[in-house]
Amino acid sequence: STATGAGAAGFSPDRLNIVLVSSQVAPYSDTGDGAGEATDKLARALSLLGHAVVVVTPLYGQYPGVTPSGKKRDFGLMGRRLRAEYWRCWRETSPALGRRPALGVSHVFVRCPCFHA
C-alpha cells in the first residue's frame, strides 16, 4: 500500500516504517555539504505525513538530548574486534492533536572506534 498524504491533520492508516541511514544528520552532524540537512528535512517531512521514521547515523561527538540506549554489539572487522554502542533521541515534529499522538523522528546513533580511524 502507499501513503495517502493525509499528513498531520489526519493520521494515515497506510503508515510506513521507514529507516534512513546517513553519515550525517542535522542538527547533530553536518559538514556543510547539504547531506545532513537533506536527511533531517526528509525525515521530518515523512514524519509529518504520519510515517514512523528512524534515522541511523554515526555518533561523532556528544549531542544535547542524545542518551545511551544501553545496547552494545561486538563484531569483527578486518581482523579487529570492535564494539558498537547505540545511543538515541526522539525529536518531535508535531505535537499530539486530538486522538493522534505526537509525531516525531527517532534517531539511533552508533558509536564505534572504526568511525574515527
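**Notes on the cysteines, core and rings**

1. C112 has a relative accessibility of 3% and therefore counts as buried. Please keep in mind throughout that this is a predicted model.

2. The closest cysteine sulfur to that of C112 belongs to C114, at 3.1 Å. A disulfide needs the two sulfur atoms within 2.5 Å, so this separation is too far for a bond. The structure as a whole holds zero disulfides.

3. C89 is another buried cysteine, because its relative accessibility is 11% and the limit for buried is under 20%. C89 is also one of the residues that V66 touches.

4. The largest nonpolar core has 15 residues, and the members touching the most others are Y28, V66 and F109. At least two residues of this core come from each of β1 (17-21), α1 (35-48), β2 (52-58), β4 (80-94) and β5 (103-111).

5. Leaving aside residues up to four places away in sequence, V66 is in contact with Y28, L59, W87, R88, C89 and F109.

6. Which residues are linked into a cluster by ring pairs? They are Y28, Y63 and F109. Searching the whole structure gives three aromatic pairs, and two of them are described in the next points.

7. The pair of Y28 and Y63 is tilted, with 5.6 Å centre to centre and 55° between the planes. Y28 sits in the loop between β1 and α1, while Y63 sits in the loop between β2 and β3 (67-77), so this pair ties together parts that are 35 residues apart in sequence. Both Y28 and Y63 are buried.

8. Y28 also pairs with F109, here edge-to-face, at 5.1 Å centre to centre and 80° between the planes. This pair links distant parts of the chain, since Y28 is in the loop between β1 and α1 and F109 is in strand β5, 81 residues apart.

9. Are Y28 and F109 buried or exposed? Y28 counts as buried because its relative accessibility is 14%. F109 is buried as well, with a relative accessible area of 0%.

Methods: Residues are numbered from 1 along each chain as its sequence is written. This is a predicted model: local features need pLDDT of at least 70, side-chain atom pairs count only at pLDDT 80 or more; totals for chains, interfaces and linings use all residues. Side-chain values use heavy atoms; hydrogens and water are left out. Buried means under 20% relative accessible area, exposed over 50%, partly exposed in between (1.4 Å probe, protein chains only). A nonpolar core is a set of buried Ala, Val, Leu, Ile, Met, Phe, Trp, Tyr and Cys residues joined through side-chain atoms within 4.5 Å. Helices (H or I, at least four residues) and strands (E, at least two) are DSSP runs, numbered from the N terminus. Contact means heavy atoms within 4.5 Å. Rings of Phe, Tyr and Trp (its six-membered ring) pair if their centres lie within 6.5 Å; planes under 30 degrees apart count as stacked, over 60 as edge-to-face and the rest as tilted.
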